[in-house]
Amino acid sequence: MFVDTHCHPYFKHFDADRDELIKRAFDSGVEKMIVVGCDIETNRKALELADKYDFMFPALGIHPTECDDLTDEEIAFIRANASRFVAIGETGLDYHHNKFSKEIQEETFRKQIRLANEFDLPCIVHSRNAAEDTLRILLDEKAKKVVFHCYSYDYEFAKKVWTAGYYTSFSGVVTYDNAKEVQEAAAKGPLDLFLVETDCPFLPPASIRGKRNDMSYVKEVAEKIAELRKMDLTLLASTLAVNSFSLFKIG
Ligand SMILES: [Zn+2]
């Protein structure tokens with residue numbers, strides 16, 4: 001069985017066939033899915049989907065490209081609903097899009113790490129062109145449970161992430177031929193700090209590149225990691241599932 005630890009099935013890309021697709025992913029062995037919010041609107045949609053499907057678990061947070069959505073009202077909403085979701089996120093830093101200044105991104109990120117600490121929840125972290133700052137802020141805030149979602153940095157940086165006890169979650173990126181650095185991290189890292197995800201509808205794995213991604217393709221990500229590590233897929237999948245269960249308390 002597989003766990004997709006990061007998906008966005010509420011997006012409009014799935015409006016025509018959402019329920020069918022969710023059912024198909026579940027039937028194909030993706031038995032649990034973490035639905036991750038990015039802003040005020042999608043935080044509510046993540047909760048709605050989780051109310052509808054008992055195998056979907058929501059994460060609530062404000063993406064670094066949506067910093068102005070972390071209003072006092074939204075923080076109050078997140079606090080009031082803390083018993084209904086399994087992680088804070090996605091949050092983090094995005095110095096590629098740079099929609100908000102570094103200072104605003106840092107402040108928004110810190111507030112969410114504090115929320116995660118307050119409720120003893122994992123933090124699902126988006127980090128783009130911001131590796132060192134992301135880790136510095138997490139350590140400074142004494143974040144305990146952290147996932148570097150869609151891990152896209154190199155093996156050297158990953159070692160620092162793992163040393164801190166934080167998880168790396170691999171996405172379709174690991175299946176790309178040009179993603180040698182990510183593949184090295186996936187081949188050499190400690191399995192007990194590994195997760196897999198699709199980040200769908202984005203980041204389709206190699207077999208469907210350019211097309212819409214969905215939760216069922218988490219299997220292809222796991223297959224690639226098994227191939228890189230020359231290990232049995234079933235054994236890998238069960239380790240990844242156990243990691244997901246214990247981190248998100250969804251077992
Ligand atoms: Zn995402």
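I looked up Leu 203 and found it buried, with 20 other C-beta atoms within 10 Å; a residue counts as buried if 20 or more other C-beta atoms, placed from the backbone, lie within 10 Å of its own, as exposed if 12 or fewer do, and as partly exposed in between. Leu 203 has a positive phi of about 50° although it is not a glycine, and it lies in the loop between E8 and H8. I noted that this is a predicted model, in which local features need pLDDT of at least 70, side-chain atom pairs count only at pLDDT 80 or more, and totals for chains, interfaces and linings use all residues. Residues are numbered from 1 along each chain as its sequence is written.

Helices (H or I, at least four residues) and strands (E, at least two) are DSSP runs, numbered from the N terminus.

Lys 142 is exposed, with 9 other C-beta atoms within 10 Å, and sits in the loop between helix H5 (131–140) and strand E6 (146–148).

A cis peptide bond also runs from Gly 89 to Glu 90, with omega near 15°, and I placed Glu 90 in strand E4 (residues 87–94).

For the whole chain, I recorded nine helices and eight strands, and 50% of the 251 residues counted as buried.
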